[in-house]
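Hi,

Here is the structure I said I would pass on.

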Amino acid sequence: MSALDSWTQEKQSAFLYRVIAGAERSADRRALFAKLAQEAEEQAGIWSDQARSSGQAIPSQYTPSVRARVVAALVRWLGPFRLRLILSAMKVRGMSVYDRPAPHPGHAMPRSVSEIGRRHHQGGAGSNLRAAVFGVNDGLVSNASLILGVAGATDHAGVIVLSGAAGLLAGAFSMAAGEYVSVRSQREMFEKQISAERDELAQYPAEEAAELALIYEARGLPRRDAQNVAKRLIADPEHALDTLAREELGLNPDELGSPWRAALSSFLSFAAGALVPLLPFLFTTGRAALVISMALTAASLFGVGAAISLFTGRPAWVGGFRMLLIGGAAGAATFFIGRLLGVNIS
């Protein structure tokens with residue numbers, strides 16, 4: 001980014017900080033974002049001096065872009081919490097205060113930079129497992145409903161198999177494409193933000209440490225401790241950028257893997273779930289295939305619901321029965337709709 005672009009970015013951040021401070025009900029958060037607005041104005045001044053020294057013209061007054069004004073209006077209407085992801089994408093720092101509870105006294109923050117590094121690189125496996133479980137669930141429910149709907153309309157085994165295979169492939173490719181675009185977009189946003197953060201860290205490390213200290217202080221750490229931790233983090237190149245991305249921007253680099261790997265994982269998990277209700281029709285036909293398909297689907301729905309309970313904290317049998325009822329209702333509805341349509345068409 002050029003010095004002029006960085007000046008514009010900091011002025012936009014200051015504008016949005018003041019909007020957030022005005023919309024915040026918490027006095028501590030209002031104070032945090034008001035201070036961050038001041039910090040952003042000071043950093044804009046640094047970029048302004050650098051731009052002028054290189055011969056670039058700086059506008060006499062900052063005018064918010066249409067995007068910034070729209071986001072500001074939404075923040076005033078819906079509140080900063082609901083807009084935190086959009087605000088992070090616009091390089092508004094401090095969004096991590098909405099994602100984490102206030103630290104417990106005596107255990108507010110890690111005691112060392114290395115401890116922060118260890119904490120920052122945990123939890124990625126849980127997100128991957130959660131995505132896989134929900135991918136299997138999507139494939140199972142959608143293709144079971146499709147197959148039961150077609151089976152309700154016709155007894156022709158070829159039509160049922162063709163419909164199930166089409167549903168499996170169409171759904172899996174759709175999920176893979178959506179996941180690729182999602183992860184790629186997140187990664188591009190992160191790369192852009194971390195590049196700007198790297199420039200700022202090189203340009204004014206003391207100011208970056210001050211901003212980080214403000215965020216830690218807003219989360220409950222005493223001012224002196226917040227300043228000491230922030231200074232140690234900024235002084236450690238191995239963790240400085242990672243910490244700034246998480247604490248200032250609310251980004252999690254561990255969750256931004258390869259778009260191709262995410263697409264393949266989504267494709268396979270959806271296909272695995274979608275294959276379950278289709279399998280019996282590949283080996284047998286008629287009522288026997290339908291009964292086996294329903295039994296396999298019911299057992300799988302219960303199993304997926306029990307697995308989802310690992311993330312919700314509910315008892316496994318409650319999650320299993322709930323998913324069985326939801327999936328069963330969807331399958332029964334499409335079966336009877338298919339039966340009704342089949343009778344009318346014939």
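This is a predicted model: local features need pLDDT of at least 70, side-chain atom pairs count only at pLDDT 80 or more; totals for chains, interfaces and linings use all residues.

To start with burial: of the 346 residues in the protein, 44% are buried.

Going along the sequence, the pattern reads α-α-α-α-α-α-α-α-α-α-α-α-α. If you count the contacts with a separation of 6 or more, 75% of them are between residues 24 or more positions apart.

One residue I'd click on is Q43, which sits in helix α2 (residues 27-53). Its relative accessibility is 0%, so Q43 counts as buried, the cut-off being under 20%. And what is Q43 in contact with, once its neighbours within four places in sequence are set aside? The list is E10, R93, Y204, E207, E208 and E211.

The other spot is helix α11, which covers residues 259-283. With 25 residues at 1.5 Å each, α11 should span 36 Å, and because its end C-alpha atoms are 36 Å apart, the two values agree. Do look along α11 at V276, though: there is a kink of about 45° at that residue, shortly before the proline P277.

That's what I have so far.

Cheers

Terms used
Residues are numbered from 1 along each chain as its sequence is written. Side-chain values use heavy atoms; hydrogens and water are left out. Helices (H or I, at least four residues) and strands (E, at least two) are DSSP runs, numbered from the N terminus. Buried means under 20% relative accessible area, exposed over 50%, partly exposed in between (1.4 Å probe, protein chains only). Contact means heavy atoms within 4.5 Å. The expected span of a helix is 1.5 Å times one less than its number of residues. The bend at a residue is the angle between axes fitted to the seven residues ending there and the seven starting there.
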